[in-house]
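Please keep the sequence and the structure in view while reading.

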Amino acid sequence: PVHYLNKYNAYYDGGWRSGYPEGPGKLYFNNGSFFEGSFARGDIAGDDGVYIYPNGSYKRGQIKNAKLNGNGVFVSPTGFKYEGQW
């Protein structure tokens, strides 16, 4: 089942453990964007996550403290691409 997470102001669909999001999952935001990646003890975490925006652009990369941090890529619908550090 999908659960609302106040922490992220988003709906979560994915694994649970001890009452927290755990493992692979997705967050769906009210603006139409979503995040897909790994969760650990209720936090976004892991080596690979992707934020996809309503216009089709996306950011993909390493996650630290619930934000892209480290190597990553941004791709816009117009074809603009950035690869580097967040």
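**Overall form**

Among the contacts in the protein chain that link residues at least 6 apart in sequence, 6% join residues at least 24 apart. The model is a predicted one, and in it the protein chain has zero helices and eight strands, so that the pattern read along the sequence is β-β-β-β-β-β-β-β. The radius of gyration is 13 Å, close to the 12 Å that the globule rule gives for 86 residues, and the protein chain is therefore as compact as a globular protein of that length.

**Extent and surface**

- Taken along the principal axes, the box filled by the C-alpha atoms of the protein chain is roughly 40 × 25 × 15 Å.
- The accessible surface of the protein chain comes to about 5,500 Å², and carbon and sulfur atoms account for 50% of this surface.
- Of the 86 residues in the protein chain, 29% are buried.

**Strand pairing and hairpins**

- Strand 3 (residues 20-29) and strand 4 (residues 34-40) run antiparallel and are joined by six bridges, with K26 standing opposite E36 in strand 4.
- These two strands, strand 3 and strand 4, form a hairpin with four residues between them, and in the turn G32 has a positive phi of about 95°.
- Strand 4 also pairs with strand 5 in the antiparallel sense, over six bridges, and here F39 has I44 in strand 5 as its bridge partner.
- The hairpin formed by strand 4 and strand 5 has two residues between the strands, and R41 in its turn has a positive phi of about 50°.

**The loop residue S57**

- S57 lies in the loop between strand 5 (43-52) and strand 6 (58-64), and S57 counts as buried because its relative accessibility is 5%, under the 20% cut-off.
- The side chain of S57 makes a polar contact with the side chain of N55, at 2.7 Å.

Notes. Residues are numbered from 1 along each chain as its sequence is written. This is a predicted model: local features need pLDDT of at least 70, side-chain atom pairs count only at pLDDT 80 or more; totals for chains, interfaces and linings use all residues. Side-chain values use heavy atoms; hydrogens and water are left out. Buried means under 20% relative accessible area, exposed over 50%, partly exposed in between (1.4 Å probe, protein chains only). A polar contact is a pair of N or O atoms within 3.5 Å; within protein, one must be able to donate a hydrogen and the other to accept it, and residues adjacent in sequence count only if both atoms are side-chain atoms. Two strands pair if DSSP finds at least two bridges between them. The radius of gyration is taken over C-alpha atoms; the globule rule is 2.2 Å times the number of residues to the power 0.38. Contact means heavy atoms within 4.5 Å. Accessible areas come from the Shrake-Rupley method with a 1.4 Å probe; for residues, only the protein chains shown count as cover.
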